[in-house]
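The points are numbered and may be read beside the sequence and the coordinates.

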Amino acid sequence: MAVGALDNKNVIAPIQVSDGYWKGVLRRLMRDPVTMGALIVILLLVLMAIFAPYLAPADPFKSSMLRRLRPIGTPGFPLGADELGRDMLSRLIFGARLSLFMGVTPVLMAFVIGSGLGIFAGYVGGALNTAIMRTIDVFYAFPSVLLAVALSGALGAGIFNALVSLTIVFIPPITRVAESVTTQVRNRDYVEAARASGASGLTIVRVHVLGNVLSPIFVYATSLVSVSMILASGLSFLGLGVRPPEPEWGLMLNTLRTAIYVNPLVAALPGVMIFITSISFNMFSDGLRSAMDVRA
Amino acid sequence: MTELADMQQSVARDPRDRGGPRQPLLSVRGLVKHFPVGKNLFGRSRNVVRAVDDVDFELLKGETLGIVGESGCGKSTTARLLMNLIEPDAGEIIFDGEVVGHDISLRDYRRQVQMVFQDSYASLNPRLTIEDSIAFAPRVHGVSRREAVGRAHDLLARVGLEPHRFAGRYPHELSGGQRQRVNIARALALEPRLVILDEAVSALDKSVEAQVLNLLLDLKDAFGLTYIFISHDLNVVRFISDRVMVMYLGKVAEIGDAESVFAQPQHPYSAALLASMPAMDPDARTEQAPLYGDPPNPIDPPPGCRFHTRCRFADPVCSQTVPSLTPAGETQQVACLMRQYGSGHSCIGLEGRA
């Protein structure tokens with residue numbers, strides 16, 4: 001009976017189903033402990049931001065002149081208190097909300113706009129490409145920090161204006177990456193073959209270009225999240241982004257800087273959070289890059 | 001020859017055929033493509049590469065036309081011009097009696113002419129499964145997904161890849177020979193009448209190359225195809241071609257039946273090119289270098305006959321007069337002043353010594 005079952009044709013020529021591309025990426029990611037660690041840290045930070053009201057032991061806005069600058073480990077204040085006597089732990093937990101938002105949103109918006117612009121420029125090529133890319137190059141003349149500060153200063157303080165100026169800062173580098181990958185893909189034989197089959201430009205971009213172009217741009221964009229967080233912190237530090245008393249790590253670093261000689265450990269805490277978050281995003285994007293390489 | 005006549009008859013039975021078996025499937029008239037190199041400040045270029053310069057030829061129904069020549073002679077540019085992947089600067093392409101772009105739209109023309117590229121990996125989208133790659137072209141032309149995938153599976157079986165094993169795979173999971181079979185299936189998905197094979201077997205191992213060549217011959221009979229076969233491998237061209245076209249620096253040097261071109265080349269360049277083939281017979285080995293030097297720069301090709309700088313028979317007249325294609329030998333047409341009576345070349349009447 002068992003021998004008869006083995007005679008089945010399916011056994012001789014087993015159906016070979018290939019894993020999808022993303023399944024392969026996920027499998028390679030799982031095998032990389034450093035990247036997985038970074039991913040777990042990022043997820044924990046996101047969860048922390050979402051569930052901040054449930055996690056925070058105290059009200060992040062409640063100040064007390066009596067409890068100013070308590071050191072780390074004070075009973076009731078596990079991470080001490082800031083210059084207005086507010087609970088540091090609660091402020092750091094709530095700060096994740098704005099800090100992550102300020103780190104991710106500009107990159108996401110710049111990813112959408114920049115890849116659209118770059119893919120268009122790269123696929124169309126010619127004079128239009130030159131026009132778009134030279135305009136983009138103008139932005140490269142300014143250091144990104146200076147550009148963000150100048151734009152924010154011109155637009156005026158506030159979260160929305162900070163987001164807009166950071167988005168503008170990130171559009172040029174993303175556009176440039178998108179343009180260069182698209183130009184490479186456009187000259188591949190499979191795009192030629194698709195053109196030879198009479199497909200329209202839009203169909204070719206949708207089927208043959210996007211799939212091969214979006215992942216390298218995405219990897220690059222993830223590496224910008226940490227830059228964005230630091231720039232946003234910088235803007236808040238200068239009083240151009242988030243305004244007090246909102247908890248945001250960059251702003252907290254700013255207001256605590258006067259206390260650096262009194263209680264340096266507490267004053268450094270927001271910086272530690274920024275450091276952990278940005279290094280996690282950087283390591284994750286590095287791991288993603290190697291996991292997305294099909295021939296790895 | 002009767003084989004070709006049979007093939008012409010069977011190709012002419014195709015319901016899409018218009019002009020009957022004797023009308024060329026493709027007539028190319030005065031095809032020109034110059035690539036600008038180095039632009040000045042105003043976007044105007046000072047120099048042009050004359051990649052394809054005034055090329056005429058006819059492609060008969062059901063034949064395989066081999067195009068040979070050394071690197072940079074314009075073989076691949078000709079193929080891309082025929083596919084209209086690049087715009088010609090001048091000249092017209094007449095497909096079965098209809099001028100492409102006038103009587104027949106580019107879209108309809110492309111349904112009937114497809115191409116197989118040299119690099120089997122670069123010509124398949126790494127993110128698409130094999131069946132999706134093959135089904136793409138029919139989908140573009142409005143075939144339903146189910147039907148297009150069904151056609152892809154049929155074609156995979158036709159090119160010798162079991163559909164249930166290969167259809168869902170990605171290009172990097174196949175070998176070079178398997179990928180090139182997929183590329184052939186993809187080219188056939190639109191049921192073309194003409195397939196341009198641009199160095200399609202050049203990157204394959206010899207044993208795999210032979211299998212793919214036999215596959216190409218089988219498919220030609222089965223689907224009533226006409227081939228343009230571009231290769232630098234003269235043995236392969238001799239094996240597969242009915243007629244051969246020799247190109248030099250963007251121009252046609254000689255065109256004619258494969259056997260007569262290989263047996264009695266009429267153009268000094270064809271003779272030199274064929275003499276460069278390693279002989280299997282040790283007594284017939286090549287003793288003398290058939291040709292010296294490199295081809296001249298196509299940016300500034302020599303005036304008159306483009307071959308005169310390297311030709312053993314060059315005369316003063318060769319650097320002044322551009323030769324035109326004239327009948328010579330049994331079946332050939334040759335662009336050489338030695339074959340052109342009244343050209344003033346001192347070797348006229350001494351042919352056969354080339």
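1. Two strands are said to pair if DSSP finds at least two bridges between them. On that basis β10(B) can be taken up at once: within this strand, B:Glu254 is the bridge partner of B:Val246. The coordinates under review are those of a predicted model.

2. Strand β9 (residues 243-248) of chain B runs antiparallel to β10(B), and six bridges join them. The two strands form a hairpin with two residues between them. In the turn, B:Leu249 has a positive phi of about 50°.

3. β10(B) also pairs with strand β12 (residues 332-334) of chain B, again in the antiparallel sense, over two bridges. Here B:Ile255 stands opposite B:Gln333. Is β10(B) mostly covered or mostly uncovered? Strand β10 (residues 251-257) of chain B is mostly covered, with six of its seven residues buried.

4. These strands belong to an open sheet of eight strands in chain B, whose order is β6-β7-β8-β3-β9-β10-β12-β11 and whose pairing is mixed. Which strands stand at the edges? They are β6 (113-116) and β11 (326-328) of chain B; each has a single partner strand, so one side of each is left without a neighbour in the sheet. On average, and with direction ignored, neighbouring strands of the sheet are turned by 20° against each other.

5. The parallel sense is found between strand β7 (residues 194-198) and strand β8 (residues 226-230) of chain B, which pair over five bridges. In this part of the sheet, B:Leu197 stands opposite B:Phe229 in β8(B). Helix α7 (residues 176-188) of chain B packs on the sheet and touches β6 and β7 of chain B. The direction of α7 makes about 170° with that of β6(B).

6. As to the chain as a whole, the secondary structure of chain B comes to eleven helices and twelve strands. Its C-alpha trace spans about 65 × 60 × 40 Å along the principal axes. Buried residues make up 46% of chain B. Of the contacts in chain B between residues at least 6 apart in sequence, 65% join residues at least 24 apart.

7. Chain B is divided into domain 1 (2-129 + 178-241) and domain 2 (269-354), and the C-alpha centres of these domains lie 26 Å apart. Eleven residues from domain 1 and eight residues from domain 2 take part in the contact between them. On the side of domain 1 that touches domain 2, β2 (45-59) and α9 (234-240) of chain B each supply at least two residues. The largest share, five residues, comes from β2(B). By class, this side of domain 1 has five nonpolar, three polar and three charged residues.

8. The contact between the chains takes 24 residues from chain A and 29 residues from chain B. Which elements of chain A give two or more residues to the side that touches chain B? They are α10 (189-196) and α11 (201-237) of chain A, and the largest share, seven residues, comes from α10(A). By class, the side of chain A that touches chain B has eleven nonpolar, eight polar and five charged residues.

Conventions. Residues numbered from 1 in each chain as written. Chains lettered and ligands numbered in written order. Predicted model: local features only at pLDDT ≥ 70, side-chain atom pairs only at ≥ 80, totals over all residues. Domains from an automatic or database assignment. Contact = placed C-beta atoms within 7 Å. Helix = DSSP H or I, 4+ residues; strand = E, 2+ residues; numbered from the N terminus. Nonpolar A, V, L, I, M, F, W, Y, C, P; charged D, E, K, R; others polar. Axes fitted to C-alpha atoms, helices over the stretch in contact; angles between N-to-C directions. Buried ≥ 20, exposed ≤ 12 C-beta atoms within 10 Å, placed from the backbone.
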